[in-house]
Amino acid sequence: MAFELPELPYDYEALQPFMSKETLEFHHDKHHKAYVDNGNKLAAEAGLADLSLEEVVKKSFGTNAGLFNNAAQHYNHVHFWKWMKKGGGGNKLPSKLEAAINSDLGGYDKFKADFVAAGTTQFGSGWAWVSVKNGKLEISKTPNGENPLVHGATPILGVDVWEHSYYIDYRNARPKYLEAFVDSLINWDYVLERYEAATK
């Protein structure tokens, strides 16, 4: 299945002032497009072009670094754009998600602190995640394009901490970017959709 660059689910200006038009133009139109183009080429060379994106990510992990890096980053970004929305974030969560965060992650405030800490302490490029593993929520961090899929978990929320995701808007203030992501950008409806799919 050929990888395709998705349209953003909002205008380039929609996430301002928390994520600028310039950041989205570079991040989506250039970085994500490069993952798609390189991933398609490498998947074809590896004879995996007919597999689903998730299957390519899992099969290439630990066996084909070039393909894995591009396929995993494509997977991560397909969801990353949907994990944000204008007027998002904050502690007004769908009740089912709030209950899961309370029981598995110690409540919203602890979730926020631990999620921001995961992103802040990820050395170099990578991601911070909330995933479902064995029916429970967990917070983790991964380097580069690696994601919870290859560790037996299903990501329901992720934030990109590669510098191209925040440097135009926040320079080296990664914690400030992560706080803004949680407080003002998270699309909790999409997180709920992912949670329900992972726990049904």
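Buried means under 20% relative accessible area, exposed over 50%, and partly exposed in between, with a 1.4 Å probe and protein chains only. The model is predicted: local features need pLDDT of at least 70, side-chain atom pairs count only at pLDDT 80 or more, and totals for chains, interfaces and linings use all residues. Residues are numbered from 1 along each chain as its sequence is written, and side-chain values use heavy atoms, with hydrogens and water left out.

**View 1. Burial and extent of the protein chain.** Of the 200 residues in the protein chain, 49% are buried. The C-alpha trace spans about 45 × 40 × 30 Å along its principal axes. The radius of gyration is 16 Å, which agrees with the value near 16 Å for a compact globule of 200 residues; the radius is taken over C-alpha atoms, and the globule rule is 2.2 Å times the number of residues to the power 0.38.

**View 2. Order of the secondary structure elements.** The protein chain has eight helices and three strands. Helices (H or I, at least four residues) and strands (E, at least two) are DSSP runs numbered from the N terminus. Read from that terminus, the order is α-α-α-α-α-β-β-β-α-α-α.

View 3. Among contacts (heavy atoms within 4.5 Å) with a separation of 6 or more, 69% involve residues 24 or more positions apart. The protein chain exposes about 9400 Å², of which carbon and sulfur atoms supply 51%; accessible areas come from the Shrake-Rupley method with a 1.4 Å probe, and for residues only the protein chains shown count as cover. The 21 positive and 26 negative charges have mean positions 3 Å apart. Lys and Arg count as positive and Asp and Glu as negative, while His and the chain ends are not counted. Each charge is placed at NZ of Lys, CZ of Arg, CG of Asp or CD of Glu.

**View 4. The cis peptide bond at P17.** The bond from Q16 to P17 is cis, with omega near 5°. P17 belongs to the segment before α1 (21-45).

**View 5. N134 in the loop between β1 and β2.** This loop joins the view of β1 (126-133) to that of β2 (136-143), and N134 lies in it. Phi of N134 is near 55°, a positive value in a residue other than glycine. N134 is exposed, at a relative accessible area of 76%.

**View 6. N144 in the loop between β2 and β3.** N144 is placed between β2 and β3 (154-160). Its phi is near 50°, again a positive value in a residue other than glycine. With 40% relative accessibility, N144 counts as partly exposed.
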